[in-house]
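Dear colleague,

Please find below the structure that I am handing over to you.

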Amino acid sequence: MYTEKEGLRLGLVGWVKNTYGGTVVGQVQGPAGMVEEMKVWLSKEGSPSSRITRASFTNQRSIDKLEISGFKTRF
């Protein structure tokens, strides 16, 4: 819920999901600067109850247009 709120605040689209292993996976799209801000937030702050020990961002690429819409939490 907090990650979704932060993504929307930054004007991003995407999704996030908690895994059974206690990690979070997701996809974020938007202006590069805002995506970088989101990565910093995910790496250092996160939701109030989160305990961040490591953050890894993979499969990064530039896109010509957004491929998804909205920002959602998946269950």
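**Salt bridges**

Arginine 9 and glutamate 6 are joined through their side chains by a salt bridge, with 2.8 Å from N to O; the term stands for a side-chain nitrogen of Lys or Arg within 4 Å of a carboxyl oxygen of Asp or Glu. Please note that this is a predicted model, in which local features need pLDDT of at least 70 and side-chain atom pairs count only at pLDDT 80 or more, while totals for chains, interfaces and linings use all residues. Residues are numbered from 1 along each chain as its sequence is written, and side-chain values use heavy atoms, with hydrogens and water left out.

The two partners lie 3 residues apart in helix H1, which means that about one helical turn separates arginine 9 from glutamate 6. Helices (H or I, at least four residues) and strands (E, at least two) are DSSP runs, numbered from the N terminus. Arginine 9 is exposed at 56% relative accessibility, whereas glutamate 6 is buried at 12%. Here buried means under 20% relative accessible area, exposed over 50%, and partly exposed in between, with a 1.4 Å probe and protein chains only.

The whole structure holds 3 salt bridges. Another of them links the side chains of lysine 39 and glutamate 36, at 3.1 Å from N to O. Both residues belong to helix H2, 3 residues apart, or about one turn of the helix. Lysine 39 is buried, its relative accessible area being 15%, and glutamate 36 is partly exposed at 41%. Glutamate 67 also forms a salt bridge, with arginine 61, and their closest N and O atoms are 3.0 Å apart. Of this pair, glutamate 67 is partly exposed at 45% relative accessibility and arginine 61 is exposed at 57%.

**The sheet**

An open sheet is formed by 3 strands in the order E2-E1-E3, with mixed pairing; two strands pair if DSSP finds at least two bridges between them. Strand E2 (24-29) and E3 are at the edges with a single partner strand each, so one side of each has no neighbour in the sheet. On average, neighbouring strands are turned by 10° against each other, direction ignored; axes are lines fitted to C-alpha atoms, for helices over the stretch in contact, and angles run from 0 to 180 degrees between N-to-C directions.

Strand E1 (residues 13-18) pairs with E3 in the parallel sense over 4 bridges. Helix H1 (residues 2-9) packs on the sheet and touches E1 and E3, and its direction makes about 165° with that of E3. Contact means heavy atoms within 4.5 Å. With E2, E1 pairs in the antiparallel sense over 6 bridges. Tryptophan 15 stands opposite lysine 72 in E3, and its bridge partner in E2 is glutamine 27. The hairpin of E1 and E2 has 5 residues between the strands, and in this hairpin glycine 22 takes a positive phi near 85°.

**The core and a loop residue**

The largest nonpolar core has 7 residues: Leu10, Leu12, Val16, Val35, Met38, Trp41 and Phe71. H2 provides the largest share of this core, 3 residues. A nonpolar core is a set of buried Ala, Val, Leu, Ile, Met, Phe, Trp, Tyr and Cys residues joined through side-chain atoms within 4.5 Å. Beyond its neighbours within four places in sequence, methionine 38 is in contact with residues including Leu10, Leu12 and Phe71.

Finally, asparagine 59 lies in the loop between helix H2 (32-44) and strand E3 (71-74). Asparagine 59 is exposed, with 73% relative accessible area, and has a positive phi near 55° although the residue is not glycine.

With kind regards
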